[in-house]
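Try each task yourself before you read the solution.

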Amino acid sequence: MDIVSHILIGRIISAGKEKKHQFWAMFFSFLPDLFQLPAYVYLGYINNRAFFIPQNIDWNHTRDAYPFLHAFTWEIPHSIFFLLLFILPLVLFFKLPKIAFFAYFLHILIDIPAHTGEWAMKPFYPLNFQISGLTNAWAWPFYAMFILWIIFLLIIFLYDRPVNKS
């Protein structure tokens, strides 16, 4: 799934909460994909793309071609083991809102049906157990993503209520 959708989902799950909780939910909802920025730039660079922005086709076969890069930018951050061994202690140590942990976990859960084929999820990495999803939502055409963003924004608009401080 694309980063904007993940951020909007973080906003949906934090609807009605304090701004601080909304911020952390939105940040942790896309944090697993933040690790992909080096791979993103690298793939754009090696494929001679303008501004180092890779095209969807550039991601094909990267799991096999760049296993080290793929492991550290995709498999590990999208692993439940990473969530439990690094993210949970981080949230607890810095006394972040618990919704941050939930947002990260939800990112992993949502990516399971949203990634198939080469990008099928390995939620228990480094174990080789893999779950193939229904679609590669990250590779949808822009108009399809935009429609999804509008739906998410409507959900936020309909269900977000101001925090009652009394």
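**Exercise 1.** Find which side chain meets that of D160 in a salt bridge, and work out which parts the pair ties together.

*Solution.* 
Step 1. A salt bridge is a side-chain nitrogen of Lys or Arg within 4 Å of a carboxyl oxygen of Asp or Glu. The side chain of D160 meets R11 this way, at 2.4 Å from N to O.
Step 2. R11 belongs to helix α1 (residues 3–13), while D160 sits in the segment after α8 (142–159), so the pair ties together parts 149 residues apart in sequence. Helices here are DSSP runs of H or I with at least four residues, numbered from the N terminus.
Step 3. Now check the cover. Buried means under 20% relative accessible area, exposed over 50%, and partly exposed in between (1.4 Å probe, protein chains only). R11 is buried at 13%, whereas D160 is partly exposed at 21%.

A note on the model: it is predicted, so local features need pLDDT of at least 70 and side-chain atom pairs count only at pLDDT 80 or more, while totals for chains, interfaces and linings use all residues. Residues are numbered from 1 along each chain as its sequence is written, and side-chain values use heavy atoms, leaving out hydrogens and water.

**Exercise 2.** Say how many salt bridges a search of the whole structure finds, and describe R63 with E75.

*Solution.* 
Step 1. The search finds three.
Step 2. In the R63–E75 bridge, the closest N and O atoms are 2.7 Å apart. R63 is in helix α4 (residues 62–65) and E75 in helix α5 (residues 67–75), so this pair links parts twelve residues apart in sequence.
Step 3. Both of these residues, R63 and E75, are buried.
Step 4. D58 and R49 also meet through their side chains, at 2.7 Å from N to O. D58 is buried at 7% relative accessible area, but R49 counts as partly exposed at 23%.

**Exercise 3.** Explore the largest nonpolar core: how many residues does it have, and which elements give two or more of them?

*Solution.* 
Step 1. A nonpolar core is a set of buried Ala, Val, Leu, Ile, Met, Phe, Trp, Tyr and Cys residues joined through side-chain atoms within 4.5 Å.
Step 2. The largest one has 22 residues, and F28 and W59 are among those with the most contacts inside it.
Step 3. The elements giving two or more residues are α2 (19–34), α3 (37–46), α6 (80–93) and α7 (98–111).
Step 4. A second, separate core of twelve residues includes I9, I110, A137 and L148.
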